[in-house]
Structure formats: C-alpha cells, structure tokens
Amino acid sequence: MNMQVSTAVVAPPPPRSLEDLELPIVMARDILIKTMFRKSVDKISKISEAICLPPNVTQELVDMAREQLLLEATGTLKATANKEMGYQLTDNGKARALDALSQSEYFGAMPVPLHIYHQQIKRQSIRDIQITRDHLTASMGHLVLPDDLISNLGPAVSSGRSILMYGPPGNGNSSISNGIRDALGDKIYVPRAVEYSGQVITVYDPIVHSAAEEQFDDPTALRRAGNRFDSRYVRCERPTVITGGELSLDMLDLNYNAVARTYQAPLQMKATGGVFIVDDLGRQAEPPQALINRWIVPLEEGKDILALQSGEKFEVPFDTLVIFSTNFHPNEIFDQAALRRIFFKIKIDGPNQENFLKIFALVARKKKMPLDEASLVHLLKKKYPTINNNYANYQPVFLIDQMISICEFEGIPYQMTPDLIDRAWGNMFVKHEEITK
C-alpha cells in the first residue's frame with residue numbers, strides 16, 4: 001500500500017555554548033538561579049536537567065554566576081565522574097533570585113528565542129506533509145464516507161491550507177476532522193517556552209501536546225548519544241486543538257498571568273505544526289464573520305500578530321491547518337470576502353440509503369445487536385418517508401442505543417423489532433405541536 005510520503009523532521013540541535021542560546025545573558029542567569037532556588041538542585045547534572053541545557057553550557061552559566069558571586073562551590077574541589085561538584089546560592093544569589101522572582105515567576109526550562117523557533121517551524125512545516133489517497137483512506141477507515149469525499153479532502157489536507165466543512169448536523173464533521181488529524185502521523189518538536197523581547201511565553205501544554213515517547217530529559221545523555229535533540233523542546237505528535245461553541249476572540253491572544261508575570265501562548269500558537277479545529281462554527285458568542293476576520297492575516301500571510309501587555313506587537317509564524325466545521329450554509333454566516341480566505345469548501349452530506357445501511361450494520365455488530373430484516377424494512381419503508389428519507393450518520397447509533405436501553409430495562413435479550421424501532425424513533429425527534437398549559 002502506498003502510504004504517507006514525507007521526510008523525517010529535522011530535530012533542533014542542542015546549543016553548544018552559552019553564546020548559542022542567543023538569550024539576554026541576564027535573563028539566562030536569572031532563570032538559572034531562580035531554578036536552583038525553587039528546585040533546590042545543586043549538581044550540574046541535576047541543574048542541566050532542570051533548565052534543559054547540555055552540561056557544558058550549564059557549566060558555563062554556573063561559572064559566570066560564580067564570578068558574579070551569586071553561586072559558590074560546596075564540598076570538595078576534586079569532583080570526579082562519580083562525585084560531582086556541588087553549588088549553592090550565596091546570600092547575594094538568594095537576594096537576586098527573590099528579586100528576579102518578583103519580576104517573573106518563570107523558572108525551569110530555558111526558553112528558545114522566537115527567531116530560532118522560526119527556524120524549527122520551517123523544518124517541520126505542516127505544508128511539507130504529503131498524504132496519499134491510501135493513507136487518508138486508512139485514517140478514515142472506521143467511517144463510511146461518500147466515494148468523492150476523499151478525493152476532495154486529500155488535496156485540501158496536503159496543501160496545509162484552511163478547510164471549511166459544512167452540511168446538515170449529525171453527519172460526522174467532527175469525526176472527519178479527527179481522521180484528518182490522525183492522517184498526519186509524523187512527529188514534531190514543540191518548545192517548552194519561547195522568548196521575545198525579554199518576555200517568556202510558555203508553549204508546550206500537556207493537555208494539547210502528546211509526547212511521542214517518554215522523555216528522557218537527562219542532558220548528560222548528550223555526551224553518549226550524538227543524535228539527541230535540544231531538550232528545550234518536547235518531541236510530540238503533531239498537535240490538535242479542538243474548540244467549539246466556547247471559542248472566543250480573547251482565546252486567540254496571549255494569556256498574561258499577572259501573578260506569575262509570564263505569558264501563555266494562545267490556542268493557535270499551540271497548534272503550530274498541527275491542526276486547529278473550530279467545531280460548531282456559528283454557535284460562538286462572537287459572530288462567525290468576526291472570527292474569520294481575526295484569521296484573515298494568518299490565513300493569507302502565514303503569520304499572526306500578537307501583543308504584549310506593554311502594547312508592543314510582534315509576529316509569530318502561523319503554520320497550522322485550520323478546519324472550520326459548521327451546520328450552517330456558508331452564505332448564511334459569511335460574506336464573499338471571508339469565504340475567499342478559506343481555501344477549500346467541502347460539503348458533508350448525509351449518507352444515501354446504501355451507506356446508511358452499511359453504518360447501521362457496523363454499529364449493530366459493534367454493539368452486539370442482532371439485525372432483523374422485518375425491522376429494517378419497517379424503518380426504511382414506514383419511518384424514513386415521514387422525514388423525506390433524510391438519512392444522517394448519527395441516526396444508526398441513536399436508534400440502536402435506544403433499543404438497547406429498552407431491552408435492558410425490560411430484562412430481555414438484545415433484539416430488533418418493528419415495535420422497538422417505533423419506540424426508538426419516537427425519541428429521535430420532537431414533534432412540532434402546541435404546548436398547552
């Protein structure tokens with residue numbers, strides 16, 4: 001089978017010297033002493049692990065802090081491979097750590113300068129992924145889809161451009177979005193934090209980012225394994241951010257923590273290199289047009305504009321496959337200018353009768369509900385004509401779950417009868433009738 005065609009993502013190389021960090025030197029030093037103060041680490045190996053730098057770079061930083069009388073050595077000066085030199089904060093170092101913590105509570109992994117992160121984004125761009133028909137079909141294998149849908153989705157996904165999926169509710173827009181996410185398949189590197197203008201912006205979020213494997217964050221391993229990557233990054237599956245009716249415009253801005261005096265990356269920045277799914281478009285507090293207007297620059301120019309608390313604005317790369325999913329007709333919620341910004345528009349219709357029966361049979365088998373021909377004939381000939389034979393992907397699951405609930409309540413084996421079909425059908429729709437007091 002011809003599977004996904006892509007080259008392995010190039011890992012970010014670890015810094016070889018303090019100069020390679022390209023961070024403000026005072027910032028790097030302060031993060032070192034704040035980390036030692038908060039985590040009580042005193043050996044180079046442990047300090048390296050805590051700030052995610054190679055031991056030699058950590059040693060450079062420690063030596064600089066010693067020269068400034070912020071650190072002092074403890075124990076023997078004859079450190080060996082079996083017994084490391086210990087270090088501790090001096091009184092001046094403790095005072096400086098407390099002062100630095102009052103300015104920013106951030107400590108731990110050394111941040112990656114934003115311009116260096118730009119370089120890594122280019123190495124792992126979502127637009128460099130090439131997905132074959134077989135691979136996309138395999139990722140959608142659990143779904144029964146119209147024959148032409150894969151033909152429409154394939155070029156859209158491979159382009160890494162924005163996609164609008166629309167159609168009647170209950171036809172698997174969310175499941176298709178998840179299938180697209182699964183089709184991406186490879187791994188990228190997500191920075192724990194980035195630095196811009198002396199400010200720290202945390203990016204890695206364990207809720208959003210799934211580590212591809214257990215992280216072995218012992219920087220001393222760099223001496224033994226030349227292929228280790230910069231441990232300021234976490235190797236992850238390509239991220240997926242899924243939002244729905246709760247999405248608001250302020251979620252797309254930097255989140256400033258006034259207590260810790262640090263920033264958290266907005267949702268679309270966390271989704272860099274992956275997929276951002278806006279589900280149920282049209283159900284948010286802000287109108288869809290306002291949401292699309294916010295995305296115009298990112299979608300067209302591949303960059304986003306964020307702002308610090310000071311009001312200073314700066315650019316960040318926008319390298320994300322954005323999928324909008326809605327039950328509304330696009331012409332009802334967007335003007336033509338907004339629609340032009342969305343590169344692919346794909347309608348997701350309900351299944352025809354043949355595919356509906358395939359879905360029904362698959363669900364019944366999965367839920368151990370025996371099929372009954374008379375009941376299916378009753379469903380197709382008596383019930384669906386009352387709704388103009390409008391089939392939807394959610395209906396088999398709904399009907400079978402209803403029948404299972406009835407059987408369990410009545411204490412009878414799972415079974416499908418015309419009577420149970422009628423009872424299940426009655427719960428699937430609400431009749432339009434006058435409610436009298």
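A nonpolar core is a set of buried Ala, Val, Leu, Ile, Met, Phe, Trp, Tyr and Cys residues joined through side-chain atoms within 4.5 Å. In this predicted model, the largest such core has 31 residues, and the largest pocket holds about 450 Å³ of space.

**The largest nonpolar core**
- Within this core, the residues with the most contacts are Leu-32, Leu-61, Leu-71 and Met-110.
- Two or more residues come from each of α1 (18-21), α2 (25-39), α3 (44-51), α4 (55-67) and β2 (86-89), and α2 gives the most, with six residues.
- Leaving out residues up to four places away in sequence, Leu-71 touches Leu-32, Ile-33, Met-36, Val-62, Ala-65, Arg-66, Gln-88, Leu-89 and Thr-90.

**Thr-90**
- Thr-90 lies in the loop between β2 and α5 (91-103), and Thr-90 counts as buried because its relative accessible area is 13%, where buried means under 20%.
- A polar atom of the Thr-90 side chain lies 2.7 Å from the backbone oxygen of Leu-69.
- Apart from neighbours within four places in sequence, Thr-90 is in contact with Leu-69, Leu-70, Leu-71 and Glu-72.

**The largest pocket**
- The largest pocket, with about 450 Å³ of space, is lined by 18 residues, of which His-142, Leu-143, Ile-359, Val-363 and Val-397 are the closest to its centre.
- The elements that give two or more residues to this lining are α9 (173-184) and α14 (353-366), and α14 gives the most, with four residues.
- Sorted by class, the lining has nine nonpolar, seven polar and two charged residues.

Notes: Residues numbered from 1 in each chain as written. Predicted model: local features only at pLDDT ≥ 70, side-chain atom pairs only at ≥ 80, totals over all residues. Heavy atoms only, no water. 1 Å grid on protein atoms, 1.4 Å probe; cavity = no way out; pocket = protein on both sides within 12 Å on 5 of 7 lines; lining within 4 Å. Points joined across faces, edges and corners; volume = space filled by probe spheres on them. Nonpolar A, V, L, I, M, F, W, Y, C, P; charged D, E, K, R; others polar. Buried < 20%, exposed > 50% of the residue type's maximum accessible area, 1.4 Å probe, protein only. Contact = heavy atoms within 4.5 Å. Polar contact = N/O pair within 3.5 Å; in protein donor to acceptor, adjacent residues only side chain to side chain.
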